[in-house]
Amino acid sequence: MKILIVAALLGALPLSNAMCAKLGAPRGDVVLTITGQIDNTNAGNAATFDMAMLQALAGRRAIMETPWTDGATEFDGPYLKAVLDAAGAHGKTLRIKALNDYAADVPVEDASDYETILALKMNGKPMSVRDKGPLFMIYPFDKNHELYNEKYFSRSVWQIKEIEVVD
């Protein structure tokens, strides 16, 4: 009987963001922050991710040529869609921001229509800031050669630090 009363009282209390969040807290250095129209938070109104959290998400490894690398290059990282799903993102546009404050607006459909990844590794090694890391948005140029144009090149942000979900 006491358990039922306690459960009823707890059910009547508002839950904090931390208690409602479906997203665990990062244990390492935060490398990505997602803000805006999201449902799953772990740091105030934001969803923050460390490398281990990103590596645990579904992703792909692909070998392709890009305008920014010499010859065939291997990229490895989580699908952008998996990252957005983990944050509970719902919006039409992603404002992807780099460490140097460069930003590109990307339609959310690019995450679902293409196997776009946030590359964590290049040629099997974590990417340093000098090598366009820690995160580099890569379109599946290896699977869809129609994406190999200036429109998608301008959306391929590197040194990503934040994604704001807008609209």
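Before you click anything, one term: a residue is called buried when its relative accessible area is under 20%, exposed when that is over 50%, and partly exposed in between. Keep in mind, too, that this is a predicted model.

**Stop 1**

Select helix α4, residues 80-87. Which of its residues are buried? They are L80, A82, V83, L84, A86 and A87. That makes six of the eight residues in α4, so the rest of the structure largely encloses this helix. Now step just past the end of α4 to G88, where phi is positive, at about 70 degrees.

**Stop 2: the core**

Next, bring up L32, I34, F49, I160 and I163. These have the most contacts inside the largest nonpolar core, which has 42 residues. Helix α4 gives the most to this core, with five residues.

Stay on I163 for a moment. Setting aside neighbours within four places in sequence, what is I163 in contact with? The list runs L32, T33, I34, T35, L80, L94, R95, I96 and L118.

**Stop 3: the sheet**

Switch to a cartoon view and look for an open sheet of five strands. Read across it in the order β2-β1-β11-β5-β6, with mixed pairing. At the edges you'll find β2 (47-50) and β6 (103-107), each pairing on one side only. From one strand to the next, the twist averages 20 degrees.

Zoom in on β5 (residues 93-98) and β11 (residues 160-166): these two run antiparallel and are joined by six bridges. Pick I96 and look across to β11, where its bridge partner is I163. Helix α4 comes back here too, packing on the sheet and touching β1 (30-36), β2, β5 and β11. The direction of α4 makes about 130 degrees with that of β2.

**Stop 4**

Show the side chains of R95 and E164, which meet in a salt bridge of 3.8 Å, N to O. R95 sits in strand β5 and E164 in strand β11, 69 residues apart. Is R95 buried or partly exposed? Its relative accessibility is 29%, so R95 counts as partly exposed. E164 is partly exposed as well, at 22%.

**Stop 5: E115 and its two partners**

A search of the whole structure finds 11 salt bridges. To see another, select R60 and E115, whose closest N and O atoms are 3.5 Å apart. R60 is in strand β3 (residues 59-64) and E115 in the loop between α5 and β7 (117-119), so this pair ties together parts 55 residues apart in sequence. R60 is buried, at 11%, while E115 is partly exposed, at 30%.

E115 also forms a salt bridge with K143, with the closest N and O atoms 2.6 Å apart. You'll find K143 in the loop between β10 (136-138) and α6 (150-153). At 53%, K143 is exposed.

**Last stop: D110**

Finish in helix α5 (residues 109-113), where D110 is found. With a relative accessibility of 5%, D110 counts as buried. Its side chain makes a polar contact of 2.5 Å with the side chain of Y139. Apart from neighbours within four places in sequence, D110 is in contact with T116, Y139, Y152 and R155.

Technical notes: Residues numbered from 1 in each chain as written. Predicted model: local features only at pLDDT ≥ 70, side-chain atom pairs only at ≥ 80, totals over all residues. Heavy atoms only, no water. Core = buried A, V, L, I, M, F, W, Y, C linked by side-chain atoms within 4.5 Å. Buried < 20%, exposed > 50% of the residue type's maximum accessible area, 1.4 Å probe, protein only. Helix = DSSP H or I, 4+ residues; strand = E, 2+ residues; numbered from the N terminus. Contact = heavy atoms within 4.5 Å. Pairing = 2+ DSSP bridges. Axes fitted to C-alpha atoms, helices over the stretch in contact; angles between N-to-C directions. Polar contact = N/O pair within 3.5 Å; in protein donor to acceptor, adjacent residues only side chain to side chain. Salt bridge = Lys/Arg side-chain N within 4 Å of Asp/Glu carboxyl O.
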